Amino acid sequence: MSPEPFSRRYGHGPEEREISIRNDAPQEVRAAILQIAHGDLNLGPSYLRDILCTVLRKLPDPSNWSEYPNIWDECQWLIQGASWYKVYDFVEALYRQLAKSMDAEPARQWVNLINDYFLEAGVGWRLVDGLLESRGPEAFEMAVDTARSSLDGSGLSTASREIHESLRDLSRRPEPDLTGAVHHAMAALECTAREAVGDKRATLGDLLKRYPDLFPKPLDEALTKMWGYASEMGRHVREGRTPTHAEVELIVGVAASGCHYLTSKIHRT
């Protein structure tokens, strides 16, 4: 196993670039993923080819028997010719294979190296517990991670699951389910709001009207309008009214922040 690079040894993190790659895997990204696995983790061409062939449902070329250049060239040919979403399937599949080892270090390094590279390259994904999740701006990630932690800590498993499902919808390949992400994010906020006031049946829209102190003013008005917008986009979809990825990230991030705020309010009562 190669030692950690200078930047990580001395605490210099990668500089985050604006996300410009999400439903795509340009050639340089494919090459970097393979180079990280081979160069940083010292994984051999045959090992990598087996995983690539499994992901792509292909048989290894029997005429390629030498590690270099034959099998290594085949690995590069396989990943460069794969559909973009299969490239990310390979990232997850390699993690699963590494995680089977008694030594947890290679899987941990794979997560760190891939996430650092995606951050530097502007790739809108991150590897979490072996699964790729849609990555947003730092504020979005912080809001979602904080909400999941506070909901789990408060025993609000249903709301936490809705946040998780919202991220899953954003992360679906080859195309995200944007309206599904909106629906689940608002369901998480609705569920948490019900717990905060002890009203198990009302919709979030009704709760915002009945309990004017649920959120501080004028945020309550903003959330009421967001509920209306989300109902329009996430529940009563019209032709030509599909939300953009950026709009959905905004809704999910605000809903997650609202969940965290309400859990802290629950603990104070």
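Predicted model: local features only at pLDDT ≥ 70, side-chain atom pairs only at ≥ 80, totals over all residues.
Let's start with the cores. The largest nonpolar core has 43 residues. Seven names come up as touching the most other members: Ile-33, Leu-48, Tyr-88, Phe-90, Leu-94, Trp-110 and Phe-118. Which elements build this core? Helices H2 (27–40), H3 (45–56), H4 (67–81), H5 (84–99) and H6 (105–121) each supply at least two residues, and so does strand S1 (125–128). H5 gives the most, with 9 residues.

Take Leu-94 as a way in. Setting aside neighbours within four places in sequence, Leu-94 is in contact with Ala-37, Leu-43, Tyr-47, Leu-48, Ile-51 and Trp-110. There is also a second core, separate, of 35 residues. Val-144, Leu-178, Leu-214 and Trp-227 are among its members. As background, nonpolar side chains in soluble globular proteins tend to be buried together.

Now H4. This helix has 15 residues. From first C-alpha to last, H4 reaches 20 Å, close to the 21 Å expected at 1.5 Å a residue. Which residues of H4 are buried? Ile-71, Trp-72, Glu-74, Cys-75, Leu-78 and Ile-79. Their arc around the axis is only 150°, so they sit on the same side of H4. The general rule is simple: an α-helix has 3.6 residues a turn, so residues three or four places apart point the same way. The buried residues of H4 pack against H2, H3 and H5. On the face turned away from the buried side, we find the exposed residues Trp-77 and Gly-81.

Gln-76 is also in H4. Its relative accessible area is 33%, so Gln-76 is partly exposed. Look across to Leu-34: that residue is 42 places away along the chain, yet the two C-alpha atoms are separated by 7.6 Å.

Next, H3. The buried residues of H3 are Pro-45, Leu-48, Arg-49, Ile-51, Leu-52, Cys-53, Val-55 and Leu-56. Note the arginine in that list. The buried residues of H3 pack against H2, H4 and H5. After H3 comes Arg-57, with a positive phi near 55°.

On to helix H7, residues 138–153. H7 has 16 residues and reaches 22 Å, close to the expected 22 Å. Its buried residues are Phe-140, Glu-141, Ala-143, Val-144, Ala-147, Arg-148, Ser-150 and Leu-151. Just after H7, Gly-155 takes a positive phi of about 75°.

Ser-150 and Leu-151 bring us to Thr-263, which is in contact with both. Thr-263 also contacts Ser-154, Leu-156 and Thr-192, again leaving aside neighbours within four places in sequence. Thr-263 is found in helix H12, residues 245–268. Buried or exposed? At 1% relative accessibility, Thr-263 counts as buried. What does its side chain reach? The backbone oxygen of His-260, at 2.7 Å.

Cysteines, quickly. How many disulfides does the structure hold? The count is 0. Cys-53 is in no disulfide, and the nearest cysteine sulfur, in Cys-75, is 7.7 Å away. Cys-53 is buried, with a relative accessible area of 4%.

Last, the backbone. Most residues other than glycine have a negative phi, and most peptide bonds are trans. Here are some exceptions. The bond joining Arg-173 and Pro-174 is cis, with omega about 5°. Pro-174 is in the loop between helix H8 (157–171) and helix H9 (178–197). The bond from Lys-217 to Pro-218 is also cis, omega near 0°. Pro-218 lies in the loop between helix H10 (204–210) and helix H11 (219–235).

Then phi. Asn-42 is not a glycine, but has a positive phi of about 60°. Asn-42 lies in the loop between H2 and H3 and is partly exposed, with a relative accessible area of 46%. Asp-129 has a positive phi of about 55°. Asp-129 is found in the loop between S1 and strand S2 (131–134). At 72% relative accessibility, Asp-129 counts as exposed.

Methods. Residues numbered from 1 in each chain as written. Heavy atoms only, no water. Core = buried A, V, L, I, M, F, W, Y, C linked by side-chain atoms within 4.5 Å. Buried < 20%, exposed > 50% of the residue type's maximum accessible area, 1.4 Å probe, protein only. Helix = DSSP H or I, 4+ residues; strand = E, 2+ residues; numbered from the N terminus. Contact = heavy atoms within 4.5 Å. Expected span 1.5 Å × (residues − 1). Arc of directions from axis to C-beta. Polar contact = N/O pair within 3.5 Å; in protein donor to acceptor, adjacent residues only side chain to side chain. Disulfide = S-S within 2.5 Å.
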